[in-house]
Amino acid sequence: MSKRAHNLAIGIVAVLVLVVLNLPPATAGRVKLAFAGLFLPLFGIAGSGQSFVDRASYALLTRSTLISEVERLRKENADLRLAALQAQGALAENARLRASLGWTPKAPWKRRAARVVGREPTTFWRNITIDVGARDGMQVNQAVLTGDGLVGRIRDVGTTQSQVALIGDPDCGVSVIIAETRDNAVIQEARSAAIGDGYVTLRTLQNSPDILAGHQVLTSGLGGVFPRDIPVGRIVDTRAVDGGLYTEARVKLAANLNRLEEVWVLTP
Amino acid sequence: MNWLPNTLLFFAAWLAVFAQTQFAPVAGLLGAPLCIVPALVVYAALTSNIAVTTGLVLFAGLALDSLSANRLGASLPPLFVVGLLVHARQHLILRDQVYAQVWLGIGAGWAVPLGTQTLLSMVRPEPISGWPTLWHLVLGAALNGAMCPLCFVLFGRLRDAFDYKPVVESSFRPDRQIKRGRS
């Protein structure tokens with residue numbers, strides 16, 4: 001009886017594994033996010049708990065702390081207004097020049113705020129789950145960023161949640177450009193899935209000895225996934241690889257992937 | 001109430017998988033998320049029948065893959081192999097001994113992520129691997145080694161509380177009592 005039961009269990013699991021491993025990626029993604037729906041009550045409880053803790057911590061702040069924070073924000077707001085005014089002037093000038101050259105005008109970014117509700121439960125990937133899905137107009141491959149810089153791209157979309165492949169994940173290649181030297185390069189997958197380290201490796205398409213530590217890395221817009229000029233990070237150090245054919249550089253990411261709480265999704 | 005301990009086992013797996021996606025500061029500090037599903041599978045394989053063990057493997061494996069970027073179903077074969085091997089040798093394993101529980105937990109905590117990664121490496125995109133992966137295996141083995149005896153204690157108490165008690169029969173029979181003295 002026991003052996004028969006074991007054989008039956010082996011048969012059931014083998015058939016199920018073969019079926020689910022051979023599902024088309026789109027179907028597998030939908031099945032995954034449907035199964036993840038089982039955890040929605042827990043995600044809801046965790047979100048409520050977090051907002052309760054936040055509210056409780058706000059209640060404990062002293063009046064002097066709040067006043068100094070308001071002062072800091074007022075100053076920052078004034079600085080940002082000034083920067084926005086300057087940027088508006090530059091933007092209008094850019095639009096006029098583009099019009100005079102007959103180039104298509106740059107469309108402004110539309111964005112949708114999302115909250116990070118879960119992280120990758122293994123060390124095999126760099127992945128997060130956000131609380132917006134197809135119901136909110138999310139689509140696969142939309143860029144995800146914070147105010148500091150690029151975070152990744154949407155990998156799978158469910159009804160109410162989406163999974164985001166972070167920079168450094170094997171499934172999130174990013175075509176970038178070095179702002180100072182205009183060298184094109186590609187962000188490679190991270191050697192470590194520990195997202196706390198905040199570094200990724202970049203490889204140029206040819207040897208570029210001019211690239212130096214401190215240079216800024218931006219998205220190049222090539223590849224069609226990420227719009228151009230989103231900050232990715234800064235070069236930390238460089239080295240020549242493959243007999244000097246290419247340059248490899250370590251990049252400190254602009255966005256802190258270990259402390260993501262809210263992100264922006266760029267929508268068309 | 002025989003169904004209750006098994007239901008709670010599935011409930012524990014549900015919570016354990018969810019907990020793996022939370023507590024980012026703890027996972028960041030330790031360098032890897034905390035996974036106790038292998039310890040739960042070992043406990044189920046040693047104390048339940050093959051149907052419950054297989055059900056737990058299917059539920060926990062699919063739940064884990066659904067919250068991860070893993071290919072759907074990649075966690076199932078390693079979890080099932082561990083559950084099946086332990087269940088098949090259930091009668092030979094000294095399951096009440098703590099050291100047996102610890103070593104089974106260590107073995108399962110090491111074998112499941114290693115098996116999953118090996119399986120994922122066979123298809124593209126390949127998962128990230130490096131020194132942190134080794135640390136993940138060490139941490140997983142240690143954690144599951146510690147959690148396995150704890151599962152036995154916690155679920156053992158639950159079983160004691162909710163399972164039907166065996167009827168205890170005494171050898172005492174009033175009609176066979178020897179009565180001394182004159183009546």
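Two strands count as paired here if DSSP finds at least two bridges between them. Strands (E, at least two residues) and helices (H or I, at least four) are DSSP runs, numbered from the N terminus. With that in hand, welcome to a predicted model, where local features need pLDDT of at least 70, side-chain atom pairs count only at pLDDT 80 or more, and totals for chains, interfaces and linings use all residues. Residues are numbered from 1 along each chain as its sequence is written, chains are lettered from A and ligands numbered from 1 in the order in which they are written, and side-chain values use heavy atoms, with hydrogens and water left out.

**Strand pairing in chain A**

- Strand E1 (residues 110-119) of chain A pairs with strand E2 (residues 127-130) of chain A in the antiparallel sense, over three bridges.
- In this pairing Arg119(A) stands opposite Ile128(A) in E2(A).
- E1(A) is also joined to strand E12 (residues 262-267) of chain A by six bridges, again antiparallel.
- Here Arg112(A) stands opposite Val265(A) in E12(A).

**Chain B as a whole**

- Chain B has seven helices and zero strands.
- Its radius of gyration, taken over C-alpha atoms, is 22 Å, whereas a compact globule of 183 residues would be near 16 Å (the rule is 2.2 Å times the number of residues to the power 0.38).
- The C-alpha atoms of chain B fill a box of roughly 95 × 30 × 30 Å along the principal axes.
- Of the 183 residues of chain B, 47% count as buried (under 20% relative accessible area; exposed is over 50%, partly exposed in between, with a 1.4 Å probe and protein chains only).

**Aromatic pairs**

- Rings of Phe, Tyr and Trp (its six-membered ring) pair if their centres lie within 6.5 Å; planes under 30 degrees apart are stacked, over 60 edge-to-face and the rest tilted.
- The count comes to six aromatic pairs over all chains.
- Phe10(B) and Phe59(B) have ring centres 5.9 Å apart and planes at 45°, so the pair is tilted.
- This pair links helix H1 (residues 3-21) of chain B, which holds Phe10(B), to helix H4 (residues 50-67) of chain B, which holds Phe59(B), 49 residues apart.
- Phe10(B) is partly exposed at 27% relative accessible area, while Phe59(B), at 19%, counts as buried.
- Tyr43(B) and Phe152(B) form an edge-to-face pair, 4.9 Å centre to centre with 85° between the planes.
- Tyr43(B) lies in helix H3 (residues 37-47) of chain B and Phe152(B) in helix H7 (residues 131-162) of chain B, so the pair ties together parts 109 residues apart in sequence.
- Both Tyr43(B) and Phe152(B) are buried.
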